[in-house]
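Hi there,

Here is the structure I promised to pass on to you. Have a look at it first, and then read on for what turned up in it.

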Amino acid sequence: LRAIIMFGFGLIAPLINRSHDRFTSLAVAGICLVGINPQLIEDAGVQLSFLAVLGIIGLYPTFLSIHQQHMKIADSVWISFAVSYITLPVIMQTYYEIPMYSLILNVCIVPFVPTLIGLGLLIIMCGNLLPVVAELCAWLIKYILLFSLCFYVPTFVLSLFSLPILHLLFLNIIYEHYYSKI
């Protein structure tokens, strides 16, 4: 629903001779959703969704201005870093661990996003009218995701890159205890 509201603002703005501001449309989408259901403000999925978009429209351009070269992989890394950085507080509060593998996964997935979105739109348009086409698109999405994840990053490697917050706190206590005596 957030994406639909933001997309609607992007379509309506030129029709009424207004400029489209992504931050304003994100804020209005948030106000609309919370106005309809105030409990959504506590939903981690909603928080992560809004923060991810905020990272893409707010932090990503800042990272690009620092790093002038535009390469497909470098852009994927900067987008992933922006989203991971800005969603980290909610992820830590909700799941009690820091997913170190998110940068690796996002670099593998981001190049496929336009294809995945196109196939998803085809599923929506063909779902009831042409179920064979919708099933083919769903099959393609499944195997694009499996290919990008399984062949690039084995899952056993991913499990090594998750740091529970309690371990980090324990390391911090040891560090402070050791260096307070020096």
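**Val 83 and its surroundings**

Leaving aside residues up to four places away in sequence, Val 83 touches Ala 52 and Ile 56. Please keep in mind throughout that this is a predicted model. Val 83 itself belongs to helix α4. Is Val 83 buried or exposed? Its relative accessible area is 17%, and because buried means under 20%, Val 83 counts as buried.

**The largest pocket**

Val 83 turns up again here, as one of the residues that line the largest pocket. Ile 56, which Val 83 touches, is in that lining too. The space in this pocket comes to about 500 Å³. The rest of the lining is made up of Ile 79, Ser 80, Ser 102, Leu 105, Asn 106, Ile 109, Val 110, Val 113 and Ile 117.

Which helices supply at least two residues each of this lining? They are α4 (72-95), α5 (102-109) and α6 (113-126). Helix α5 gives the most, with four residues. By class, the lining has eight nonpolar and three polar residues, and no charged ones.

**The second largest pocket**

The second largest pocket has a volume of about 380 Å³. It is lined by 18 residues, and the closest to its centre are Ser 84, Thr 87, Ile 91, Pro 99 and Ser 102.

Four elements each supply at least two residues here: α3 (44-66), α4, β1 (97-99) and α5. In this pocket α4 gives the most to the lining, with eight residues. Sorted by class, the lining holds 13 nonpolar, four polar and one charged residues.

**Aromatic pairs**

How many aromatic pairs does the structure hold? There are three, and I will go through two of them.

For Trp 78 and Phe 81, the ring centres are 6.4 Å apart and the planes stand at 85 degrees, so the pair is edge-to-face. The cut-off behind that label is an angle over 60 degrees. Both residues are in helix α4, and because they are three residues apart, about one helical turn separates them. Trp 78 is partly exposed, at 22% relative accessibility, and Phe 81 is partly exposed as well, with a relative accessible area of 35%. Together with Tyr 85, Trp 78 and Phe 81 form one aromatic cluster.

For Trp 139 and Tyr 143, the ring centres lie 4.8 Å apart with the planes at 50 degrees, so this pair is tilted.

Best wishes

Note on methods:
Residues are numbered from 1 along each chain as its sequence is written. This is a predicted model: local features need pLDDT of at least 70, side-chain atom pairs count only at pLDDT 80 or more; totals for chains, interfaces and linings use all residues. Side-chain values use heavy atoms; hydrogens and water are left out. On a 1 Å grid over the protein atoms alone, a cavity is a set of points where a 1.4 Å probe fits but cannot get out, and a pocket is an open set with protein on both sides within 12 Å along at least five of seven lines; lining residues have an atom within 4 Å of a point. Grid points are joined across faces, edges and corners, and a volume is the space filled by probe spheres set on the points. Ala, Val, Leu, Ile, Met, Phe, Trp, Tyr, Cys and Pro count as nonpolar, Asp, Glu, Lys and Arg as charged, and the others, Gly among them, as polar. Buried means under 20% relative accessible area, exposed over 50%, partly exposed in between (1.4 Å probe, protein chains only). Contact means heavy atoms within 4.5 Å. Rings of Phe, Tyr and Trp (its six-membered ring) pair if their centres lie within 6.5 Å; planes under 30 degrees apart count as stacked, over 60 as edge-to-face and the rest as tilted.
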